[in-house]
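These are my notebook entries from a reading of one protein model. I wrote them while looking up its sheets, helices and pockets in turn.

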Amino acid sequence: MIRRPFYMETLKKYRDVPLVKILAGIRRSGKSTILEMLQMDLQESGIASNHIISMLFSSEDFSEGMTDKEMYQSIREKMTEEGKYYLLLDEVQEINGWEKAVNSLLENMDTDIYVTGSNSKLMSSEISTYLTGRYISIPVFTLSFAEYIGFKKGNGQSTKELLNEYLRMGGFPIVALGNFDERSAYQIVEGIYNSVITSDIIRCHNITNYDLFNRVVNYIVENVGKTFSANAIAKFLKSEGRSLAVETIYNYLNWLEKAFVIYRCPRYDLRGKSVLKTQEKFYLADSSLKYSIMGFNPKSISAMLENVVYFELLRRDYQVYIGKNEAKEIDFVAVRRDERIYVQVCRNLPEESDREVANLLEIKDHYPKYVVTLDELAAGNINGVKIRHLADFLLCKEF
């Protein structure tokens, strides 16, 4: 088992804090493994194994018709001694009303509770008042490039080789742990995607016209990193002789987001200092999702560089926006408390450097500004704008 230090450090920080720790992310992003690592860490720190209760609720033994009261009782029956119990509850969203059971265990018993899930019932906007103010949400993403290198340690590959592989294969742990060719890797990711679509969207929301839903998904995948709206999708479908209400498209986008397949990146007006409600961008939970759906084309890597940088910023706890500076666009404005950085992403320099740097120089403040590129010769500083190779940017400890 290869450790993921970031998540372990985060969970240690909140250990014994009277909050439910919720780890939420796309299926197969590693949440269950993180719980296994947590269990090992608890035991290594001296917690008796019989005071660590680990339960998987996606198992038919638990989820088939189980009520929240039965969930509570099944856990309570395992707490046979005095002292604190550590509850590691995997895929709890399978139990209707799980939050009632968890809240009762938090209130009535000496517990430290960790739960995972893969769909909207684990998102903060969906959690009922039972847990209001009594939980901390910890998003779980697929592997960062630094984690990917850790998974591949000992393979004898250079950083350049590993970056190229990471850009092609993506960061699902099951793929990184193996030695798959592209076709096999994408088949694995396609299986993950189909599982998400079937379990968390189509079945959950009773979608009957799968072909039309799939066409909307394909449009989103084809336009990752581009601004578009539900109206734009409706017009596109109409041009193909299909009809779908804008409201239905909004629902599809919302459901895909709540299943952690796509992530919404809003636009931020740098002059007006406000978040705009139109022309957002969407990014995929992992770059390999695009290749598993659309097939791999070397030219498509350029379009997915933004996707990789976007998630690196999210992993580092930034709130990420698209920057609008009058008629100019900044790929990312990343905000973390009183910090801010600006990032432009491009494949090659110097052809694109003038435009990218000029857009950043028009921002009249002193926050760090970066151009991130795949150009191997890129490095340095242009009038205060830092030019960084993608690998250096992804691996640096602090921006």
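The entries below go from the ground rules to the sheets, then to the helices, and finally to the pockets.

**Ground rules.** I am working with a predicted model, in which local features need pLDDT of at least 70 and side-chain atom pairs count only at pLDDT 80 or more, while totals for chains, interfaces and linings use all residues. Residues are numbered from 1 along each chain as its sequence is written, and side-chain values use heavy atoms, with hydrogens and water left out. Helices (H or I, at least four residues) and strands (E, at least two) are DSSP runs, numbered from the N terminus.

**Entry 1, the open sheet.** I looked up the strand order and found an open sheet of 5 strands, S2-S3-S4-S1-S5, with parallel pairing; two strands pair if DSSP finds at least two bridges between them. Strand S2 (52-56) and S5 are at the edges with a single partner strand each, so one side of each has no neighbour in the sheet. Neighbouring strands here are turned against each other by 15° on average, direction ignored; axes are lines fitted to C-alpha atoms, for helices over the stretch in contact, and angles run from 0 to 180 degrees between N-to-C directions. Within the sheet I followed strand S3 (residues 85-90) and strand S4 (residues 111-117), which are parallel and share 5 bridges, and I noted that Tyr 85 has Thr 111 of S4 as its bridge partner. Helix H5 (residues 98-108) lies across strand S1 (20-24), S3 and S4, and runs at about 160° to S4.

**Entry 2, strand S6 and its partners.** Which strands does S6 join, and in what sense? It is joined to strand S7 (residues 274-284) by 7 bridges, running antiparallel, and to S8 by 3 bridges, running parallel. Ile 262 stands opposite Leu 284 in S7, whereas Asp 269 has Lys 324 of S8 as its bridge partner. The hairpin of S6 and S7 has 4 residues between the strands, and there Lys 273 takes a positive phi near 55°. I also noted that 7 of the 8 residues of S6 are buried (under 20% relative accessible area, with exposed over 50% and partly exposed in between, using a 1.4 Å probe and protein chains only).

The axes of helix H13 (residues 287-294) and H14 come within 9 Å and cross at roughly 145°. Contact (heavy atoms within 4.5 Å) is made by Ser 287, Lys 290 and Tyr 291 of H13, with residues of H14 including Ile 301, Met 304 and Val 308.

A pocket is an open set of points on a 1 Å grid over the protein atoms alone, where a 1.4 Å probe fits and protein lies on both sides within 12 Å along at least five of seven lines; lining residues have an atom within 4 Å of a point. The largest pocket holds about 1,600 Å³ of space, a volume being the space filled by probe spheres set on the points, which are joined across faces, edges and corners. It is lined by 44 residues, and those closest to its centre are Phe 141, Leu 314, Arg 315, Arg 316 and Asp 317. H1 gives the largest share of this lining, 6 residues.
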